[in-house]
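Hi everyone, thanks for coming. Let me put the structure up on the screen, and then we'll walk through it together.

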Amino acid sequence: MNTENDRCINDCENEILKIMQWAEENKFHSNVRFLVNYAVIKASGTTEIVFKSLLHSFLSEGCKTETQKFLEKRILDLSCNPSTGNMERLLDQIDPKRKKAFSEKIKGTPEQNDLNSLVSIRNDIAHGRSVTTTITNVKRCFESGKIIINILDSILNSN
């Protein structure tokens with residue numbers, strides 16, 4: 001993974017930890033729910049940015065400038081929740097063998113369930129539904145997302 005992706009993940013982790021600390025100190029404050037919702041969106045958005053960046057970097061390495069710009073519009077500008085299903089769908093379009101390897105590594109894992117849960121909670125927030133998650137749950141789901149991202153990175157960088 002590149003430095004920018006690492007920075008993005010670290011920034012998100014730090015924000016989640018700050019929210020956790022504040023929420024623990026202010027359990028009954030009305031802003032706790034607002035901050036937890038923010039953390040869900042931040043964690044899901046960060047995972048989305050990094051997973052698309054990994055795909056873009058993999059495909060655009062050594063390409064013409066025009067091809068890089070095309071891939072940027074097709075991948076980086078794509079609105080695509082970071083569900084494992086979306087990752088598998090994009091991987092299948094790139095290389096079915098890599099998709100199969102990725103699917104086999106994540107199938108039925110708690111990390112797969114956690115990441116998909118984070119995306120589902122994010123969608124509930126985006127569509128105005130009431131959510132009842134905790135910052136601890138958000139942190140766990142984001143940690144699982146990082147594991148999935150690392151698996152994706154290792155699959156993309158394998159020969």
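Helices here are DSSP runs of H or I with at least four residues, strands are runs of E with at least two, and both are numbered from the N terminus. What we have is a predicted model, where local features need pLDDT of at least 70 and side-chain atom pairs count only at pLDDT 80 or more, while totals for chains, interfaces and linings use all residues. Residues are numbered from 1 along each chain as its sequence is written, and side-chain values use heavy atoms, leaving out hydrogens and water.

So, what is the chain built from? It has seven helices and zero strands.

Now the overall form. Along the principal axes, the C-alpha atoms fill a box of roughly 55 × 35 × 30 Å. The radius of gyration, taken over C-alpha atoms, is compared with a globule rule of 2.2 Å times the number of residues to the power 0.38. For 159 residues a compact globule would come out near 15 Å, and the chain has 16 Å, which agrees.

Next, the inside. Buried means under 20% relative accessible area, exposed means over 50%, and partly exposed is in between, using a 1.4 Å probe and protein chains only. By that rule, 41% of the 159 residues are buried. A nonpolar core is a set of buried Ala, Val, Leu, Ile, Met, Phe, Trp, Tyr and Cys residues joined through side-chain atoms within 4.5 Å. The largest one has 38 residues, and the members touching the most others are Ile 16, Phe 51, Phe 102, Ile 135 and Val 138. Which helix gives the most to this core? That is H7, with ten residues.

Let's stop at Ile 135. Contact means heavy atoms within 4.5 Å. Beyond its neighbours within four places in sequence, Ile 135 is in contact with Ile 16, Ile 19, Met 20, Ala 23, Val 36 and Ala 39.

Asn 37 sits in helix H2. Is Asn 37 buried or exposed? Asn 37 counts as buried because its relative accessibility is 18%. Setting aside residues up to four places away in sequence, Asn 37 touches Ile 125 and Val 131.

Ser 79, meanwhile, lies in the loop between H3 and H4. With 73% relative accessibility, Ser 79 counts as exposed. Ser 79 and Glu 48 are 31 residues apart in sequence, yet 8.9 Å apart in space, C-alpha to C-alpha.
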